[in-house]
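Let's go through how some of the labels on this model come about.

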Amino acid sequence: MNRVSLGIFSYFDTGNRPSGEEPERFYHGSVLGLIVDLQGRYVITSNRESGFGRYDVMLEPKDPKEDDAIILEFKVHDPEDEATLKETVQSALAQIEEKQYAAKLVSRGISKERIRSYGFAFEGKKVQQSADIDVVAISEIDKCAVVGECKFKNEKIDKGIYDTLLRRAGSILGKYRVSKYIFFSLSGYTDWFDTLKDKRVVLLSLSDLYE
């Protein structure tokens, strides 16, 4: 997204004000144009009601077994409200959770583990993006990363959650090598993990925290 912004967008495209509805609509429309080619795999909707508000963009997979659902929320950085673009990203992600935008997808039988939330923060030509990975630890020295998923429900972690974390970790693979995939489950793991031979995977339970 940053490559597109730097190569194509002009500061004049985003309007006269650094924040507000005018530039946000521009970025919103630009991203819709970039993802239109995904219509073969997704039903793409924009500014529709779900939960307690209206999401910016939702991609509902036509084949939920193959693709995750995606919710996108866009925010233009306002220096009066947030100090950095990262804070604006966190605000976008918080809005997705607080407004329960995933409610529409859940009502259609898509599990929360198969719903990916992305916040985008814009400031002129600058773009900041975040994916919903529970834990990310990065070493700039050796360019390695550790990613993790935590589940506190009365359901065991299964292959689907494992696959989801690997897919989501793809967003950082261009810059970092993932050395560990760490899972924490309050209710344990399915038998599928007994057959897993991926040495990068670490399985933790509540008892491990007290050892």
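Predicted model: local features only at pLDDT ≥ 70, side-chain atom pairs only at ≥ 80, totals over all residues.

Q: What makes Trp 192 partly exposed?

A: Trp 192 has a relative accessible area of 25%, so it goes in the partly exposed class. Phe 193, at 7%, is buried.

Q: How many aromatic pairs does a search of the whole structure find, and why is the pair of Tyr 162 and Trp 192 called what it is?

A: The search turns up seven. Rings of Phe, Tyr and Trp (its six-membered ring) pair if their centres lie within 6.5 Å; planes under 30 degrees apart count as stacked, over 60 as edge-to-face and the rest as tilted. For Tyr 162 and Trp 192 the centres are 5.2 Å apart and the planes sit at 50°, so the pair is tilted. This pair links distant parts of the chain, 30 residues apart: Tyr 162 is in helix α5 (residues 159-169), and Trp 192 is in the loop between β10 (177-185) and β11 (201-204). Helices (H or I, at least four residues) and strands (E, at least two) are DSSP runs, numbered from the N terminus.

Q: What makes the pair of Trp 192 and Phe 193 edge-to-face?

A: The angle between the planes is 80°, with 5.1 Å centre to centre. Ring pairs also join Tyr 162, Phe 183, Tyr 189, Trp 192 and Phe 193 into a cluster.

Q: How do you know that the span of helix α3 agrees with its number of residues?

A: The expected span is 1.5 Å times one less than the number of residues. For the 14 residues of α3 (residues 85-98) that should be 20 Å, and the end C-alpha atoms are 20 Å apart, so the two agree.

Q: Which residues of α3 are buried, and why can we say that they line one face?

A: They are Leu 85, Thr 88, Val 89, Ala 92, Leu 93, Gln 95 and Ile 96. Seen down the axis of α3, they fall within an arc of 155°, so they line one face of the helix; the arc is that of the directions from the helix axis to the C-beta atoms. The face turned away from the buried side carries the exposed residues Lys 86, Glu 97 and Glu 98.

Q: What makes the phi of Gln 100 stand out?

A: Phi of Gln 100 is near 55°, a positive value in a residue other than glycine. Most residues other than glycine have a negative phi. Gln 100 sits in the loop between α3 and α4 (103-107) and, with a relative accessible area of 44%, is partly exposed.

How values were computed
Residues numbered from 1 in each chain as written. Heavy atoms only, no water. Buried < 20%, exposed > 50% of the residue type's maximum accessible area, 1.4 Å probe, protein only.
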